[in-house]
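Please keep the sequence and the model in view while reading.

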Amino acid sequence: METFLKQKFGFSNFRPGQREIIADVLSRKNVLAVLPTGSGKTLCYQLPSHVFKGITVVVSPLLSLMDDQVQQMRSQGDKGVIAINSYLSNDEKRNILRTLPQYRMIFVSPEMLQLSNVLEALQRVTVSLFVVDEAHCISQWGHEFRTDYLRLGDIRKALHYPPCLALTATATKDIQQDIIEQLGLHEVHRHIYSVDRENIAYIQKHFHSHADKLEYLTRHLSEFPAPGIIYTSSRQLAEHIVYEAAKNQSYKIAYYHAGMLQEDRRLIQHQFLEGSLDFVVATNAFGMGVHKSDIRSVIHVQLPTRMEAYVQEVGRAGRDGKQSYAFLLHADGDDILPLQLIQREYPDQGIIDSVFATMKQQVVVTRSDLEQRCYEMGLEETQQKLLLFYLEKSHIIQNGRVDNVNPELLQQVKNELRQRETYRFQLFRQFEESLLSHKCLRAQILSYFEENLTKRLDPCCSRCGDIVIEREVYDKQNKKNRSKTWNQRLKAMLALGEEEEG
Amino acid sequence: MDLYRFGLLLYIIDHFRGQRTFFGAYHLLVGKKSAQSIQDGPLYGVESLFGVLPYLKKDHVEEIRRQMLNKGFIVEDENRMTTITEEGRQFHNHQRDHKPIPESLAGGEYEFSGQADWFWRRLVLFWQSLSYARHNDYTFLPIDYDRTIQTWVKKHFPRNKEGQSKWAKQLFHELSTFLQSIDDLRAEVFTRKLSGYQHVGETVEQLGETFDYDADYVYLLLRSTIHELINTIRENPQNFRALAEFVMPLEANSSVLTDSANITRRHLFNGLAIDEIAKERGLKRSTIEDHIVEMAYRLKDFPISAFVSYEDQKEIWQAAKQQDTKRLKQIKEEISADIDYFAIRLSLSKIDKG
């Protein structure tokens, strides 16, 4: 196996867990693997896909992540990889489905698997391995429940139960069990590794006000080890930080958010990968599929809404195994935004009432009528999906029709949604408390995932002792010399000599 | 910050003369292909701004609207029709003196049809690929993930070193010929957006910082350069043989109209009446009417007299002139009761062309 690893991927050793997981996958067992972020989950199916004769299907919920992964593999010369998602035009999709056997690994979004032509195409080929990435999305008590994941069990059945590899970076024991049940996995081999990333040290700083916190960050940013990602939840804040921090000329910083051109977002990604940016201030969409192994700092200016997201974001630091840092800058009142974000995931009670009213009056008859109605009432897509999921679960919607409009059942759905929201608020409080207590941060994070800290690490966290930050001197050479004229720049890019005058 | 988008919105609102809502201006800037914004551009002489700020987000623009109302730049009537105030006009005039809308900007032509995107995305990815090939590096992360674009580039990419060298020389020659003919700032913006070996392109924000301009303005400079380049190539294809490859071929360019309007157009050619088309396509009559109005605006020489008599057209034009308005309701009140809104919309499409 090591020879193959060296030959195909150029690595001489497996990372912890990889060898054991791959061995089980290769002997066609069903596997549930919980491996921390940044520990090389992709290899666990990429390597077997080269060994198996048939196709490896990878279900992945995040379109941009999927695209990043596929492009990276293809740019490394692996042309047997393709993604089927809603970014494709119908023509392209048809083309790919027609020529499916020529691919070795197919990334697919759960939504696409619901389409009959996609499923039929997959039924015509041999699927040797069915990978469910981010498998926690299958559990409704998981942190990123995705209703489309629920049918994956049926899909596996339709594909005649190919061996399954369910992967996640963060899953409590309950959620692990839920994953196994939902996917209908028998004789599962579990490989559960600690979420702890030993080469990341945690540093928490408290401020009395939001303004103090921002001032500290923008003034002292040059003391944070670069390259680094600064996570915020709002676009305005991202822009503000860059605006303030850019006054310091000793490093390069840029923001990344949804209000930018797609083209420019990709440029930021490339600049960061290439090393011409020291810091990127981003909303959480950034950094998922970016394989940058030397990220030294992950700085949280705002808390995400849950521990799992926090751990995943922090995990983007130090993939190369070298000492890296997670900074948590916290101020009083920082809970407002995450609580608002949670609230926004759930449909407003008033809107639920008016949707239900139209159902009672039998204005809406089919499922798609109802979707339309939700849209008109201003429900966001995720809110609408969640509402419909509960309506189907309680059999108010059956076979695509609004059937059983029973006031008691409706009330029950409303209650369930409310409970879920309350549960999420509680989870957030729990997460917040564990980070803001005076105990060891690492131990607190582990205990959230029902683990115990067994080793004493140095450095560990700012609660366990002062942390001396190791920081390399900024590589000024990275800051590209842009003083060339446009003419010279064009020539340099195309490797044309001086003699070729325009 | 973001002052330039303020100015652009105000400029459009000024041209709308109190006859459109604030979001009418927004829809024009992001290039929404609705019956309304398709008409508004040509109707009010702001066609060049169609789709030139596609990345503006609605919630953000809501915020701008509130600020403008607070600052007294605009006022809204009970129907949310928006009028610019003297303060508002001063603001955008001042901006226009310093950063005028680039002359060659032609959003109504190149953004609406997707020609600018077609050209630019292919050029950028081809350029990046060629640059890496010229430096013998074949493992790079593409700057554009879109499969259609990648397939296109692969198909047109020179196979061997010799071909690559020829392409490099030719492309450089053509691009520098063009860039020398425009001002230096736009040439800088254009070339700094390109990526290649050891060069990652810069974002509009970064360029804005370098040149001390607003990011939106940098974007307008870039798009106007693309529009001008396509136009130049079209006029002298023999001088731009390499660049001409990147121009959208005419057969792909059915997108002068929205897809749905195109289907309606085919039915019209086959002699179907409006109600027949509506029935055939399972659409409302009003939707088919929207398509026909779209054609009246988008297609040169579209014969509207097939749908509205010349006498009625004249009556409508006179009413519009007398009332100095392009608002349908106001015109409707002034003309014979049997002339409908559809006839008014069609007639307005020809009002400036006579």
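## Basis of the model

The model is predicted: local features need pLDDT of at least 70 and side-chain atom pairs count only at pLDDT 80 or more, while totals for chains, interfaces and linings use all residues. Residues are numbered from 1 along each chain as its sequence is written, and chains are lettered from A and ligands numbered from 1 in the order in which they are written.

Helices (H or I, at least four residues) and strands (E, at least two) are DSSP runs, numbered from the N terminus.

## Domains of chain A

Chain A is assigned domain 1 (2–192), domain 2 (200–335) and domain 3 (346–428), with bounds from an automatic or database domain assignment. Taken over C-alpha atoms, the centres of domain 1 and domain 3 of chain A are 32 Å apart.

Six strands of chain A form an open sheet with parallel pairing, in the order S8-S13-S12-S9-S11-S10; two strands pair if DSSP finds at least two bridges between them. Strand S8 (200–207) and strand S10 (253–256) of chain A are at the edges with a single partner strand each, so one side of each has no neighbour in the sheet. Strand S9 (residues 228–231) and strand S12 (residues 297–300) of chain A run parallel and are joined by four bridges. Within S12(A), A:Ile299 is the bridge partner of A:Ile230.

In helix H10 (residues 210–220) of chain A, A:Lys213, A:Leu214 and A:Leu217 are buried. These buried residues fall within an arc of 95° seen down the axis of H10(A), so they line one face of the helix; the arc is that of the directions from the helix axis to the C-beta atoms. They pack against S8, helix H11 (235–245) and strand S13 (324–331) of chain A.

## Where the chains meet

The contact takes 38 residues from chain B and 32 residues from chain A, residues being in contact if their C-beta atoms, placed from the backbone, lie within 7 Å. On the side of chain B that touches chain A, H9(B) gives the most, with nine residues.

Helix H20 (residues 486–494) of chain A has A:Trp486, A:Leu490, A:Lys491, A:Met493 and A:Leu494 as its buried residues. The cover over the buried residues of H20(A) includes H7, H9 and H10 of chain B. Just after H20(A), A:Ala495 has a positive phi of about 55°.

Key:
Contact = placed C-beta atoms within 7 Å. Buried ≥ 20, exposed ≤ 12 C-beta atoms within 10 Å, placed from the backbone.
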